[in-house]
Amino acid sequence: MSAVEARLAELGLTLPEVVPPLAAYQPAVRSGMYVYTAGQLPLVDGKLPVTGKVGAEVTAEEAKELARTCALNALAAVKSVTGDLDRIARVVKVVGFVASAGDFTGQPGVVNGASELLGEVLGDKGVHARSTVGVAVLPLDAPVEVEIQVELVGE
């Protein structure tokens, strides 16, 4: 078991199976020393635990937990192309999309769920730049979607 997966276990988390693509793309692609993930929805066992807009059908607290799930799914996608999460030198960037009710402005707090999980799991390697965007709707009516970019250690 890798050190990162051991840390996940300490936190009571397990790395899920890679979420299969919903369209014509790959869950993650490696380019040189970087891995770019596709946007990861908070799918658990192939299903969304909740749907709708944050600030309407979904609370900010629920969405923050869903963002954690997105980050776990992103780590699974990274592992699918690296074979080992210990190859992560650092998370470079996180981009979060929040399906938002018209008056909801707490998008950064929602995506903190993903950022905080990456910090808990990877320590200083999980500190990253980030963009967070409120959107009208996401695939499958998901409340949140997260993508990450990671740099790998040399081979």
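Reader: Is aspartate 141 buried, partly exposed or exposed, and what is its relative accessible area?

Author: In this predicted model, aspartate 141 is found in the loop between β4 (129–135) and β5 (144–152). Buried residues lie under 20% and exposed ones over 50%, with partly exposed in between. Aspartate 141 therefore counts as partly exposed, with a relative accessible area of 31%.

Reader: What is the phi of aspartate 141?

Author: Most residues other than glycine have a negative phi. Aspartate 141 is a residue other than glycine, yet its phi is positive, near 65 degrees.

Reader: Where is aspartate 45, and what phi does it have?

Author: Aspartate 45 is placed in the loop between β2 (34–37) and α2. Its relative accessibility is 76%, so it counts as exposed. Although aspartate 45 is not a glycine, its phi is positive, at about 55 degrees.

Reader: Which residue takes a positive phi just after α2?

Author: Helix α2 covers residues 60–82. Just after α2, a positive phi of about 80 degrees is taken by glycine 83.

Reader: How many Å apart are the end C-alpha atoms of helix α2?

Author: Helix α2 has 23 residues. The expected span is 1.5 Å times one less than the number of residues, so α2 should span 33 Å. The model agrees with this, as the end C-alpha atoms of α2 are apart by 33 Å.

Reader: Is valine 110 buried or exposed?

Author: Valine 110 has its place in helix α3 (residues 107–122). Leaving aside neighbours within four places in sequence, valine 110 is in contact with Val54, Ala60, Ala63, Lys64, Ala67, Val98, Phe104 and Val144. Its relative accessibility is 1%, and because buried means under 20%, valine 110 counts as buried.

Reader: How many Å apart in space are valine 110 and glutamate 61?

Author: In sequence, valine 110 and glutamate 61 are 49 residues apart. In space, C-alpha to C-alpha, the distance between valine 110 and glutamate 61 is 7.2 Å.

Reader: At what angle do helices α1 and α3 pack, and is α1 roughly parallel or roughly perpendicular to α3?

Author: Two packed helices are described by the angle between their axes and the distance between the axes. For helix α1 (residues 3–10) and α3, the axes are 8 Å apart and the angle is about 115 degrees. That angle makes α1, relative to α3, roughly perpendicular.

Reader: Which residues make the contact of α1 with α3, and how many of them are charged?

Author: From α1 the contact is made by Val4, Arg7 and Leu8, and from α3 by Glu120, Val121 and Leu122. These residues divide into 4 nonpolar and no polar, while the number of charged residues is 2.

Reader: Which residues form the aromatic pair, and is the pair stacked or tilted?

Author: A search of the whole structure finds 1 aromatic pair. It is formed by tyrosine 34 and tyrosine 36, at 6.5 Å centre to centre and with 40 degrees between the planes. Planes under 30 degrees apart would count as stacked and over 60 as edge-to-face, so the pair of tyrosine 34 and tyrosine 36 is tilted.

Reader: How far apart in space are aspartate 103 and histidine 128?

Author: Aspartate 103 is in the loop between β3 (88–99) and α3, and at 65% relative accessibility it counts as exposed. Aspartate 103 and histidine 128 are 25 residues apart in sequence. Their distance in space, C-alpha to C-alpha, is 28 Å.

Key
Residues are numbered from 1 along each chain as its sequence is written. This is a predicted model: local features need pLDDT of at least 70, side-chain atom pairs count only at pLDDT 80 or more; totals for chains, interfaces and linings use all residues. Side-chain values use heavy atoms; hydrogens and water are left out. Helices (H or I, at least four residues) and strands (E, at least two) are DSSP runs, numbered from the N terminus. Buried means under 20% relative accessible area, exposed over 50%, partly exposed in between (1.4 Å probe, protein chains only). Contact means heavy atoms within 4.5 Å. Axes are lines fitted to C-alpha atoms, for helices over the stretch in contact, and angles run from 0 to 180 degrees between N-to-C directions. Angles under 35 degrees count as roughly parallel, over 145 as roughly antiparallel, 65 to 115 as roughly perpendicular and the rest as oblique. Ala, Val, Leu, Ile, Met, Phe, Trp, Tyr, Cys and Pro count as nonpolar, Asp, Glu, Lys and Arg as charged, and the others, Gly among them, as polar. Rings of Phe, Tyr and Trp (its six-membered ring) pair if their centres lie within 6.5 Å; planes under 30 degrees apart count as stacked, over 60 as edge-to-face and the rest as tilted.
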